[in-house]
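Hi there,

Here is the structure I promised to pass on.

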Amino acid sequence: MNHSHSLKRRDIYLNKLISFQDTEPVKVITGIRRCGKSSLLKLMVQHLKDTGISPEQIIEINFESYTYQSMSADALYSYVKEHAVSGKRMYLFFDELQRIEAWENAINAFRVDFDCDIYITGSNAYLLSSEYSTYLAGRCVEIKMLPLSFHEFLDFHGFEVRETQSAFGGSRKQVFDKNGECYELRQAFDAYMRFGGMPGIADVGLTQDTAMILLDGIYSTVVVRDILERDKRRNQKLITDSALLRKIILFLADNIGSNISVTSIGNTLVSEGLLDDGKRKGSPSAHTVQAYVNALLESYFFYEIKRFDVKGKAYLRTLGKYYIVDLGLRNYLLGFRNRDSGHAIENVVYFELLRRGYDVAIGKVGNAEVDFIATSTNKKIYIQVTESMMSEDVRQRELTPLQSIRDNYEKLVLSLEPGLDSSYDGIKSENLIEWLLDEVR
């Protein structure tokens with residue numbers, strides 16, 4: 001990693017961590033590898049030092065580092081005990097802690113034996129899965145980290161959005177680079193759609209060759225460390241067939257935003273001869289696929305979104321959809337061509353809603369579908385995402401499901417070409433890029 005530049009701030013996450021500082025729960029930062037978890041720990045350490053905590057009160061260990069890789073939980077406990085300053089509160093930072101066997105025993109011992117504030121990161125959801133919830137039940141707060149938002153992407157790559165006055169009296173937003181060169185917002189957005197939001201790309205630059213090398217490294221690490229080598233003790237079905245895993249990844253990447261069942265993945269793979277069709281005894285075709293898909297969800301590579309029946313007010317067990325955590329990774333896997341851009345912009349909106357703290361489901365309204373129902377403690381929004389609202393046909397298609405929902409919650413259509421109308425009988429129509437930049441809501 002290039003340490004010559006100062007760490008870029010990720011305030012949305014840092015502020016959350018700061019708000020939990022010195023509270024009892026263990027702070028657990030989760031998310032796909034290389035999305036910025038280690039940097040977030042460093043930012044938090046910097047914040048502590050800036051606010052007067054002395055360096056001797058801070059212990060930082062990265063378990064990916066060769067020095068600590070084979071440390072046992074006992075050794076970890078001894079190490080901390082040895083370095084703790086008596087009579088002072090200690091701040092403990094453990095990066096990729098899931099690599100240590102029985103780590104939860106050490107964490108519990110720290111909580112009992114020391115006056116300490118604990119921060120850990122993990123690249124796999126089993127860190128918080130059921131068997132640990134008994135250890136940490138109610139005693140941990142999870143901060144879910146994602147790759148860069150469009151707003152953060154501009155910031156990391158040194159772009160600034162400014163309102164410029166046009167000769168005709170209106171104003172519009174444009175993007176300026178460090179040298180004062182001016183670009184249209186759409187060009188910047190296209191770059192985001194192409195390269196994705198992995199923070200490391202800001203170190204290597206927006207060219208396809210360098211981005212591919214970086215994304216290849218991320219892909220290999222996730223697949224090898226978090227999926228193929230994941231902890232053998234978990235009595236989980238081990239993921240051993242890397243060719244099959246890659247096929248499932250490619251299938252999901254190619255079908256983001258489409259209704260998918262494990263059976264449909266299985267059928268595709270059977271027809272390609274990659275999977276037995278289960279007619280022979282003991283061939284666990286659907287189970288195998290499900291185990292591989294679960295591993296991908298656990299490593300935060302893909303996210304599954306459930307369907308909600310708006311009229312029946314219940315989640316449906318049938319087909320869900322999958323979105324990929326980063327479009328750069330998708331382009332790395334499938335080739336950088338402009339494919340299926342409708343689903344790709346949905347993918348962007350889905351993760352932006354997660355960043356803004358919403359729970360997200362797909363809405364089923366009779367036979368029609370609403371792309372997203374986003375709910376937070378005090379808000380609910382129904383959202384359609386489409387490339388353009390210019391044609392009458394598309395407008396009808398997007399508006400009809402929203403019009404059939406009879407409650408008073410906000411309804412919104414996001415598109416890259418919204419046309420001139422900012423609303424259609426109470427349904428707001430907004431420019432998707434402007435919506436992404438308007439992060440405060």
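Below are some notes on a pocket and on the cysteines.

This is a predicted model, where local features need pLDDT of at least 70 and side-chain atom pairs count only at pLDDT 80 or more, while totals for chains, interfaces and linings use all residues. Residues are numbered from 1 along each chain as its sequence is written, and side-chain values use heavy atoms, with hydrogens and water left out.

The second largest pocket has a volume of about 750 Å³. A pocket here is an open set of points on a 1 Å grid over the protein atoms alone, where a 1.4 Å probe fits, with protein on both sides within 12 Å along at least five of seven lines; lining residues have an atom within 4 Å of a point. The volume is the space filled by probe spheres set on the points, which are joined across faces, edges and corners.

Its lining has 24 residues, and Glu142, Lys144, Tyr300, Tyr303 and Leu354 lie nearest the centre. β5 (140-144) is among the elements supplying at least two lining residues, as are α12 (285-298) and β9 (302-309). β5 gives the most, with four. (Strands are DSSP E runs of at least two residues, helices H or I runs of at least four, numbered from the N terminus.)

As for disulfides (cysteine sulfur pairs within 2.5 Å), the count is zero. For Cys35, the nearest cysteine sulfur belongs to Cys140, 17 Å away.

Best wishes
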